Amino acid sequence: MGSARYSETAPTGALGVLRSLIHRFGAGAITLAITSASVLISMALVASFDQLMKGHVPVLDLMAAAMVPAILAPIATYGFVRLSQELDRAEEQVRALATRDPLTGVLNHRHFMESARTELARLARHERVATLLFMDVDCFKRVNDQLGHAAGDHALVEIAAACQALLRRSDLLGRCGGDEFLMLLSETSGDAAMIVAERIRVTIETLAFETLLGELRPTVSIGLASSDAETCSFEQLYQRADRNLYLAKQKGRNQVVG
């Protein structure tokens, strides 16, 4: 998921258009263009004034007309470029707050659901499949109670990072609860998703965190559900994956059921 750009939204007003041009052509090219235009306009105005008032155009006047904008225009443009960059960063932070879980950095629940619904609709149009993984950290309340919330938060961050490292760029990963994560594997059958889910389970099983109150070795249970002709909506997949997650818990946790 690449970073969002200001140009994704339609620019409004002269400043918006200028920001869009900076993103498209680069600050250097825009600075050169504005400086050149300022110099030409300044020289044209001075030449017109001199011709009208003096009947001729002194070379020194043209040189002065060129030097002033040649010095001031880059300074003014640089200041605007810096302001535009600051606005870009602020807008990116706002977008991140709206779409990302603040602790783990993965998609938040609302944005994951929106993205998953969009992706499933796209796949359905092309008669392609996807698989939803519903993952829960085993006995997480006990982790918080016995080792503290700081240890629990650290474990969630590491678990999310481990999942992200094992997924493709086209897959979706979101946190949907305190210790629950959802993953949508695009164009992935149930058998292939089972291999991925088992790899995730084993990887997390090997994690170990040293805390002030002892070692933490988390495990996860995963339920999965694949789309088909009868089950293609996000809600249907979620219900099936949720049932399989419940079965994984019933069978003793630290396993995958699909």
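Here is a walk through the cores, a helix pair and the cysteines of this model. The model is predicted, so local features need pLDDT of at least 70 and side-chain atom pairs count only at pLDDT 80 or more, while totals for chains, interfaces and linings use all residues. Residues are numbered from 1 along each chain as its sequence is written, and side-chain values use heavy atoms, with hydrogens and water left out.

Let's start inside. In soluble globular proteins, nonpolar side chains tend to be buried together. A nonpolar core is a set of buried Ala, Val, Leu, Ile, Met, Phe, Trp, Tyr and Cys residues joined through side-chain atoms within 4.5 Å, where buried means under 20% relative accessible area, exposed over 50%, and partly exposed in between (1.4 Å probe, protein chains only). The largest one here has 31 residues, and Leu-133, Met-135, Met-183 and Ile-200 touch the most other members. Elements giving two or more residues to this core include strand S1 (130–137) and helix H6 (149–166); helices (H or I, at least four residues) and strands (E, at least two) are DSSP runs, numbered from the N terminus. H6 gives the most, with seven residues. Apart from this core lies another of 17 residues, among them Leu-107 and Ala-130.

Now look at helices H4 (residues 109–125) and H8 (residues 234–250). Their contact (heavy atoms within 4.5 Å) involves Phe-112, Met-113, Ala-116, Arg-117 and Leu-120 of H4 and Phe-234, Glu-235 and Leu-237 of H8.

What about the cysteines? Cys-163 is buried, at 1% relative accessible area, whereas Cys-139 is partly exposed at 27%. Counting pairs of cysteine sulfur atoms within 2.5 Å as disulfides, the model has zero.
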